[in-house]
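Q: Please take a close look at one chain here. Keep it brisk, and build up from the whole to its parts.

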Amino acid sequence: MEFEIDRNEVLRYLQTAKDLEDENINRLLDESIAEIKKLINFRYLYQKFPIQHTAEGVKIKNTTLTLKGRSIKKHLQKSEEIYLMAATLGAQVDKKISYYEKISVTKSMIFDACATTAIEEGCDQVEAEIKEKVLAAGNEAITFRYSPGYGDLGIDIQKEFLRIIKAPKKIGLTASKYNMLLPTKSVTAIIGVLEEKETAAENLTNQEQEVVNQDDRDLEFEARHCKNCLLYEDCELRRRGIYCGAKG
Amino acid sequence: MELKDRLGKEVIIFDGAMGTVLQQRGLKAGDVPEKLNIEKSKEIIDIHKSYLKAGAEILTTNTFGANALKMEEIDYSVEEVIAAGVENAKAAVMESGLEAAVALDMGPLGELLEPMGSLTFDEAYNLYQQQVLVGVEYGADLIHIETIADLYEARAAVLAAKENSNLPVFCTLTFEEDGRTFTGGSIRSMISVLEGLGVDGLGLNCSLGPEKLEPLVEEVLKYSETPVILQANAGLPVVEDGETVFKITPEEYFKPISRLYEKGLAVIGGCCGTNEDFISLIAENLKNKKVKNRTVTSESLVCSPSQYLKLDGINVVGERINPTGKAAFKQALRNGDLDHILKVAVEEVDAGADILDVNLGLPDIDEKEMMVKVIKELQGILDIPLQIDSSDPEVIEDALRYYNGTAIVNSVNGEMKVLENTLPAVKKYGAAVIGLTMDDNGIPDTAAGRYKIAERIVKKGAEYGISRDKIIIDCLTLTASAQQEGVKETLKALKMVREKLGVKTTLGVSNVSFGLPARPVLNRTFLSMALYQGLNLPIIDPNDQEMMAAVKAAAVLNNLDQGAAQYIEYMAENESDNDSKAAAENSGENNSKADLKTVIVKGLKTEAGRLTEEILQEKDALEIVNDYLIPALDTVGERYEKGEIFLPQLVQSAETVKEAFAVLKAEMARTGGRDISKGKIVMATVKGDVHDIGKNIVKTVLENYGYQIIDLGRNVNIKEVVKAVKENEIKLLGLSALMTTTVKNMEKTIKAVREAAPATKIMVGGAVLTADYAEMIEADYYARDAKEAVEIAKKIFKE
């Protein structure tokens with residue numbers, strides 16, 4: 001898989017302006033982008049499951065897992081099938097971030113932001129691949145990727161999630177006792193298959209999407225982290241219900 | 001014949017998959033297969049029996065994930081699950097009336113180990129130990145460690161197996177097609193490490209089909225003295241309608257297997273997707289056949305998981321991680337300032353060292369504790385193999401235990417007591433060892449005398465099972481100014497050792513010139529002479545470009561560097577390095593008129609140090625702090641607040657100030673002047689969190705304001721925090737947590753510190769924290785960012 005590592009995305013994760021005029025930082029940025037491309041060992045997998053909407057939550061058939069909470073229920077309300085996906089940049093990226101933490105905090109921040117950009121980019125590509133399959137199968141669209149930790153879907157399902165798709169064995173992705181994905185630059189996500197097009201996220205303008213997602217989001221969570229953020233107004237992630245991880 | 005006696009002589013047939021067979025029989029995805037040992041033991045026994053009937057001679061128990069971490073999720077204990085697992089396999093053997101050994105199966109723990117993960121090596125060891133003890137108690141015949149992707153985890157498992165049982169131990173890792181494990185481990189490193197630990201069988205399992213694994217297995221067969229195992233998957237799985245399907249047939253599976261058998265494969269079975277048909281075809285063709293002879297390329301090797309180094313040419317051992325004669329390094333050791341040590345290491349690697357010597361001997365520190373810490377930190381960020389430099393056998397033993405690779409031990413000598421105290425650990429961990437040619441009577445004057453000691457060391461090594469390719473002899477450099485005639489004897493001895501004993505040699509070089517003028521010339525000349533006599537491992541300062549150049553040149557002239565390729569590359573790199581350095585210095589000249597303040601605001605790290613040195617000619621350290629550093633920081637802070645600059649720039653400026661501070665601190669250490677530290681603060685990212693960029697930013701900024709930070713790093717145990725707080729009589733402790741799940745550990749840490757040191761104030765920060773949350777877990781202060789942390793520190797230290 002090819003990675004571009006969009007500079008603007010990296011700058012966004014760094015919470016800076018798009019036209020950062022700082023020679024040093026821009027040089028570190030270019031270096032990091034070139035370096036991380038060589039270091040990425042992108043591994044991913046996904047698997048389709050039928051689901052059943054029950055009082056307890058969204059039950060993933062043929063597995064042990066039931067997804068609980070208001071937000072995931074809403075997210076998958078129009079789906080009968082879902083994809084569980086997992087992706088990782090691999091352990092070497094983590095090691096390099098640690099390396100730069102010892103050499104230069106500035107570089108490590110930038111490198112870390114490049115890694116975050118890369119994993120999101122990788123996931124976009126996986127998502128596109130899934131979408132292609134879904135369309136080929138005669139369905140109309142997919143929902144956006146919904147990860148444990150969004151809204152009120154807890155991260156305590158990480159281990160079970162990974163076990164179901166055998167992610168530890170197949171792509172070396174694990175979760176720690178504290179439900180942290182390791183290697184850290186990794187994503188697990190749930191994508192719903194949509195039979196009808198009109199509810200598809202990508203057909204909406206940003207503004208409409210905002211309205212659709214409004215209910216999906218845990219507003220308390222957002223208030224805590226996003227309200228103070230410089231990028232609150234035009235944050236793509238927030239619009240998608242995603243918390244970038246930065247302190248607001 | 002017993003299994004152990006047949007191993008490597010006759011082909012031994014392993015069984016096939018368990019997990020995928022259970023799934024075909026309706027086990028849900030995500031379910032824990034081990035509980036079936038108890039709930040559906042008949043079914044498990046049936047599967048075992050089908051493999052027995054197919055011809056398997058080893059049954060693997062259904063205990064792949066039966067460790068305490070995973071068993072937390074079901075209602076049975078590790079003991080119950082493993083006991084039932086072993087009993088099921090035994091029952092199958094009994095009921096079938098066939099003969100087979102029962103292997104206690106141990107897979108990966110499911111969590112990543114340090115440094116990538118939060119599970120410590122000791123925790124991993126304990127989890128495996130628990131499994132081994134139960135397996136032994138219930139009568140397993142061997143221990144089979146499999147599907148491991150992290151060499152560190154494999155080491156923990158093998159040590160647990162060997163230290164808690166007398167059973168044969170097999171260990172197989174899982175590789176991707178490029179010959180690397182997920183964590184970056186190489187085949188050669190796997191062989192070196194596992195063979196070093198003395199496993200009875202090693203090899204590959206899972207991940208791919210036998211055809212894809214064939215070249216990788218060939219590599220193992222070429223280099224492993226130990227019998228080689230293969231349990232491949234039935235090809236790559238394909239997901240069809242949510243079902244995982246393996247598509248290759250037993251016949252297709254067998255083809256590459258039969259080719260590998262011809263090359264010497266000794267133990268053969270199947271992994272995911274295989275069933276009794278696969279095993280039966282292998283057994284029909286290969287059971288009881290003699291293992292084919294193979295020629296093993298044996299060589300001296302040191303390694304980290306991802307880097308291995310053949311000791312056949314000339315390899316530079318970096319000598320800089322050593323406190324002797326270095327005030328700043330000593331101070332760093334006493335302060336537990338690992339960053340300083342790591343920076344020295346990184347410099348050595350960048351300068352071209354092949355191996356790093358690690359010496360932390362300082363009378364007033366706990367060398368053992370520090371050695372383990374430093375080794376873990378070094379292997380957390382670097383891939384270079386390490387040389388453990390200590391005279392204390394306990395330090396050596398611990399260092400070898402926690403080092404993830406094959407290390408060199410520096411050193412033993414000809415004294416019987418030293419040999420007997422140190423060689424057992426060298427053997428146990430498969431390390432290489434340096435023998436100094438001296439003994440109770442000192443250093444013999446003559447080459448013959450030193451050779452004799454070398455001979456004794458080699459002989460003693462052999463008694464402990466340490467082969468010659470793991471022994472490196474140091475004929476000891478003498479000082480030309482004091483023992484001029486001795487210098488030649490060293491070189492003579494070196495040659496004798498190389499030629500007659502056939503072992504590798506090492507020398508610390510720079511001692512030769514002590515007490516004479518123009519030392520570099522003597523050092524370089526001596527180095528060249530020694531290299532000509534066959535010196536393999538010069539221990540030098542790799543930052544010394546002249547010495548490095550001499551090494552590279554000698555490799556050309558001794559016909560070791562084919563086509564002078566490495567020489568040319570090194571010289572080209574150096575030239576461009578020097579050019580850019582010169583350019584940096586030139587630009588520095590332009591800036592020398594510039595204010596230090598401007599340099600800080602712009603974040604020009606390299607210039608800050610130089611300018612500070614200049615200003616130090618006229619002003620004292622405290623003046624520089626107050627007149628330059630603090631105002632610059634204030635400007636940067638203001639610009640950040642106004643949104644004129646952003647976080648990376650703020651941090652960059654902070655790191656620039658840190659450079660200036662480093663110069664001031666060095667000056668203080670040199671002149672013994674007044675301490676400019678405003679107070680000590682302990683900082684740590686709590687247990688469970690493996691990232692600490694946020695904490696590092698806060699640390700850098702606090703350092704800028706003159707506070708001395710004792711940084712305990714990340715994933716820090718509660719005990720360690722309490723210890724550091726008490727030992728240093730800490731007034732302010734800073735804790736960081738990134739996840740809601742680890743805030744619980746923060747709370748526990750706070751509680752423990754409160755009990756041990758009630759007067760210590762605690763500030764907390766991190767992505768998920770809020771002021772309310774901080775109050776709830778009874779922290780004294782919540783620091784939203786670095787600036788607030790500074791304000792809190794000012795309050796505590798009452799400025």
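Among contacts in chain B between residues at least 6 apart in sequence, what percentage join residues at least 24 apart?

A: The percentage is 75% for chain B. Two residues count as in contact if their C-beta atoms, placed from the backbone, lie within 7 Å. This is a predicted model: local features need pLDDT of at least 70, side-chain atom pairs count only at pLDDT 80 or more, and totals for chains, interfaces and linings use all residues. Residues are numbered from 1 along each chain as its sequence is written, while chains are lettered from A and ligands numbered from 1 in the order in which they are written.

Start with the whole chain. Chain B has 31 helices and 25 strands. These are DSSP runs numbered from the N terminus: helices are H or I with at least four residues, strands are E with at least two. The radius of gyration of chain B is 30 Å, close to the 28 Å that the globule rule gives for 799 residues, so the chain is as compact as a globular protein of that length. That radius is taken over C-alpha atoms, and the rule is 2.2 Å times the number of residues to the power 0.38. Along the principal axes, the C-alpha atoms of chain B fill a box of roughly 90 × 75 × 45 Å.

The chain is divided into domain 1 (3-286), domain 2 (302-576), domain 3 (593-671) and domain 4 (679-796). The bounds come from an automatic or database domain assignment. Over C-alpha atoms, the centres of domain 2 and domain 3 of chain B are separated by 39 Å.

Now the interior. Of the 799 residues in chain B, 54% are buried. Buried means 20 or more other C-beta atoms within 10 Å of a residue's own; exposed means 12 or fewer; partly exposed lies in between; C-beta atoms are placed from the backbone. The largest nonpolar core has 331 residues, and B:Leu59, B:Ile143, B:Val158 and B:Val433 have the most contacts inside it. Its largest share, 12 residues, comes from helix H5 (residues 105-136) of chain A. Such a core is a set of buried Ala, Val, Leu, Ile, Met, Phe, Trp, Tyr and Cys residues joined through C-beta atoms within 7 Å. Beyond four places in sequence, B:Ile143 is in contact with residues including B:Ala103, B:Leu104, B:Ala161 and B:Val169.

B:Gly55 sits in the loop between helix H4 (41-54) and strand E2 (58-60) of chain B. This glycine is buried, with 21 other C-beta atoms within 10 Å. Among its contacts beyond four places in sequence are B:Ile13, B:Ile279 and B:Lys287.

Next, one helix. In helix H28 (residues 718-727) of chain B, B:Val721, B:Val722, B:Ala724 and B:Val725 are buried. They cover an arc of only 165 degrees around the axis, which puts them on the same side of H28(B). The arc is that of the directions from the helix axis to the C-beta atoms. The face turned away carries the exposed B:Lys719 and B:Glu727. Cover for the buried residues includes strand E21 (679-685), strand E22 (707-711), strand E23 (732-736) and helix H29 (740-756) of chain B. Just after H28(B), B:Glu729 takes a positive phi of about 45 degrees.

Last, the partner chain. 47 residues of chain B are in contact with 50 residues of chain A. H26(B) gives the most to the side of chain B that touches chain A, with six residues.
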